[in-house]
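The following note was prepared for a colleague who asked for comments on this structure. Please read it alongside the sequence and the coordinates.

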Amino acid sequence: MDLPWTSPTYALLLWAALAVSQTEGNESLDKLYNETMAKMFLQFHENTAQIVWNQFMEATWNYVTNITKKNQEEMLHKDEEKSKHMLYFGTRARLFKNARFRDPAVKRMLSKLQNIEKAALPEDELREYNKLLDYMKTTYNMGQVCLNEGPCMPLEPDLKDIMATSRDQKELLWAWQGWRDAVGRPLRVAFEQYVELSNKAARLNGYRDMGALWRARYESEKLEKDLQQLFQELQPLYLNLHAYVRRALYRYYGPEVINVKGPIPAHLLGNMWAQSWVKILDLVLPFPKKPPEDITKIMQNQHWNPEKMFIEAEKFITSLGLLPTPPDFWENSMMERPTDGREVECHASAWDFYNSKAFRIKKCTEVTTEDLLSIFHQMGHIQYFMQYKNLPVIFRAGPNPAFEEAVGSVITLAASSHKHLLNRGLLSHRHQDSGDGGQEDHGRKPESGAAALLSGPKGGRATSRQLTASPSPEEEVNFLMSIALDKIAFIPFAYLMDLYRWKIFDGTIRKDAYNLEWWNLRLKYQGLCPPIPRTEEDFDPGAKFHISASVSYLRYFLSLVLQFQFHEALCKASGHMGPLHRCDIYNSKTAGKLLEDALKQGSSKPWPEILQNITGKTKMSAKSLMTYFRPLMNWLVTENVRQGENLGWPDFGCPFEEKETNKVKFLSLKLDPEQANLGQWVLLALNFVLFLVTLLLACRLYSLEKQLLAQGTRAQGTRAQDTSAQDTSVLKTPPNSYFLGIAMQPNQVAKRQWILLGFCLILILCSIILSVWIFKQHNRKPPWMSDEWWSWG
């Protein structure tokens, strides 16, 4: 059956001359594939793509918001149609020699069309590839960790809550290991097949491997070199944060868990993947006498709900003069987990349905600070979609994937400012400029409050006088620490995620070392180690959504840099004066216009050109980020020098928790408590047998001593007998005693047996000590230490 874009009408209109051209040579072909025909070709692609891509997005939305077999089959069917559409137009786009064309937009669209990604695979392998991707995503989305006797827990919200709020190592280890066992391990074989098919698709698109295809999206021949330079510029900030956090965890958990010169166990940082550390803010707060407010609690006290959180994000964006979301968004978005029993994918995401009117967000929202900021981020994506909705479908994306993430993140960053939260009633006025803060009191445990991301006092809405007040220096350090635990802690994780996959795609990392090399990279760049030994039976990378869903992660690393460049540019446009971290662009139409002009261009121009329009520069730079965090960096350096901290992790050892936390030691073996108990009693019984043997030996020695004494007396009575005869008799008479099978004189035997008796008495003493220890292990006194033992008479 013909697909819509292969209809006879189109064939007649666009390719009528093809049969003639085949008989007229290459010159006719060049005339057919000219710039005018290219524009007709692109227009037809636009008309069909809006239909095909919209149908695919609708089918996928139906599946992720209601995971059923029927919806899955429909989604896979529409995915096949989309791939056929890409294949059809992609192969024909390669026939145009666009280097000769004048219109840069036409050249750029044809160039983008030629990369058809997975659609290049043969049909049967494409179907297999889609099933693999669906299996990996479904395994992740449906993953649960079950208690021995109790309910099973999904990642959101249950396991995330445990990782964020628990300070019990065993509970954290249970959640950490359980999630990787439930999700990572089952994906190992599927991931190997995924790698093979991904590389085949990349080669069919003209790339060496899938990593090269992913990098090509950034249109830079120096990408890897630029990435390395950016990471090196940011590394000092991360190393100082790592050293400070490690010391704080050392104070809380002790030397048995934390080595102040080594890596940090990955399960202690408040996040399932240790990519954000903000949930342990209560443990590492620089100035606990000025603790951050629990914004989550304030929101709950003010009766916020998911819809109100989305409305708050909408208010911020429209205050900049940007577009409001259409009615379809509010009617059809999934803003919280359904209560009708549907299985859904909770991973937050923003959706463009490619019809210029439908935009939605999918999120299982909880009333927390974290989710509020996540909503601001997703609403930034929605604004991007709406701004470029009138462009051709090919251009409906950021100029590179990092731009899309950076726009969402810059909205979040702007909304996180102390001033904005104060104005919105989510912070109040307390210690500001009072100067009564002090250095952290390391002798006590910091207050709980990991849900708070930003500092400020508790209470109600601020007065107009308070709205202009600046936070005290101590509060500013606390505030920047909360932001750094989210963004600076993320730097190496975001960097290594794709570095790891690039090495897999190009063969540097072999199949038999997937998990080993994952932890090698995490140790090298993050200074983290697993809390328990890992093997190649595990596949810990698969426990992260973006790996199981085949989503490139480089966008997040670069967006971390870009968002601060955007933020500085928008702050300058708004007229902000002062430290960058105090900037609030709320209500600045000038800043909004600068952002709007960039968003409207989508991917129609190369990213350096669009970056220049916003920032005045054509290169990504870490300078703005370092400026934002300069006060914190200065404080961290001073504090780390004062503490004599080692930057980095020269000691590579990991103080593993035992995989089986209920194991106990017995004779250097790890056994179940019942097995160790039995072993102790057996050992005690053997010692009592030894005690009886010792008693028998003592009796025999006593008897032997009496015999030797009697023999000595008889010998004195016969001294008068003939000496020569006696000597001959003695020489001919063999020894009549043995010790351990060796013949010797009775007096030598007796001497050695006394030595053996002494050794046995030492063992008896050890038996008594062991008996006392065993009884104490059972929390009761040995019988001979009780009054009843001695009162039998």
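1. Basis. This is a predicted model, in which local features need pLDDT of at least 70 and side-chain atom pairs count only at pLDDT 80 or more, while totals for chains, interfaces and linings use all residues. Residues are numbered from 1 along each chain as its sequence is written, and side-chain values use heavy atoms, with hydrogens and water left out.

2. Salt bridges overall. A search of the whole structure finds 35 salt bridges, a salt bridge being a side-chain nitrogen of Lys or Arg within 4 Å of a carboxyl oxygen of Asp or Glu. In general, side chains of opposite charge can pair when their charged atoms come close. D181, R185, R534, E537, D538 and D540 are linked in a network of such bridges.

3. E645 pairs with R247 in a salt bridge whose closest N and O atoms are 2.4 Å apart. Because E645 lies in the loop between α29 (630-643) and β7 (664-666) and R247 in helix α12 (residues 223-253), the pair ties together parts that are 398 residues apart in sequence. Helices here are DSSP runs of H or I with at least four residues and strands are runs of E with at least two, numbered from the N terminus. E645 is buried at a relative accessible area of 12%, and R247 is buried at 16%; buried means under 20% relative accessible area, exposed over 50%, and partly exposed in between (1.4 Å probe, protein chains only).

4. A bridge within one helix. R127 forms a salt bridge with E123, with the closest N and O atoms 3.2 Å apart. The two residues are 4 apart in helix α7 (residues 123-141), so about one helical turn separates them. An α-helix has 3.6 residues a turn, so residues three or four places apart point the same way. R127 is partly exposed, at 31%, and E123 is partly exposed, at 47%.

5. A further pair. K605 and E609 meet through their side chains in a salt bridge of 3.7 Å, N to O. K605 is partly exposed, with a relative accessible area of 33%, and E609 is partly exposed at 35%.

6. Helix α15. This helix (residues 306-319) has 14 residues and reaches 20 Å from its first C-alpha to its last, close to the 20 Å expected at 1.5 Å a residue; the expected span is 1.5 Å times one less than the number of residues. Its buried residues include P306, M309, F310, A313, F316 and I317, and also the charged residues E312 and E314. Just after α15, G321 takes a positive phi of about 85 degrees.

7. E196 lies in helix α10 (residues 188-204) and is partly exposed, at 45%. The C-alpha atoms of E196 and F505 are separated by 8.2 Å, although the two residues are 309 apart along the chain.

8. Surface patches. K572, K617, K623 and R630 gather in a patch of positive charge on the surface. K572 belongs to helix α25 (residues 554-573) and is exposed, with a relative accessible area of 62%. L678, V682, L683 and L686 form a nonpolar surface patch with about 360 Å² of accessible area together. L683 is found in helix α30 (residues 673-717) and is partly exposed at 30%. Patch members have over 30% relative accessible area and no salt bridge; like charges are joined within 9 Å, and nonpolar side chains (Val, Leu, Ile, Met, Phe, Trp, Tyr) within 5 Å.

Notes
Areas by Shrake-Rupley, 256 points an atom, 1.4 Å probe, with all protein chains shown as cover. Lys, Arg positive; Asp, Glu negative; His and termini not counted. Charge placed at Lys NZ, Arg CZ, Asp CG, Glu CD.
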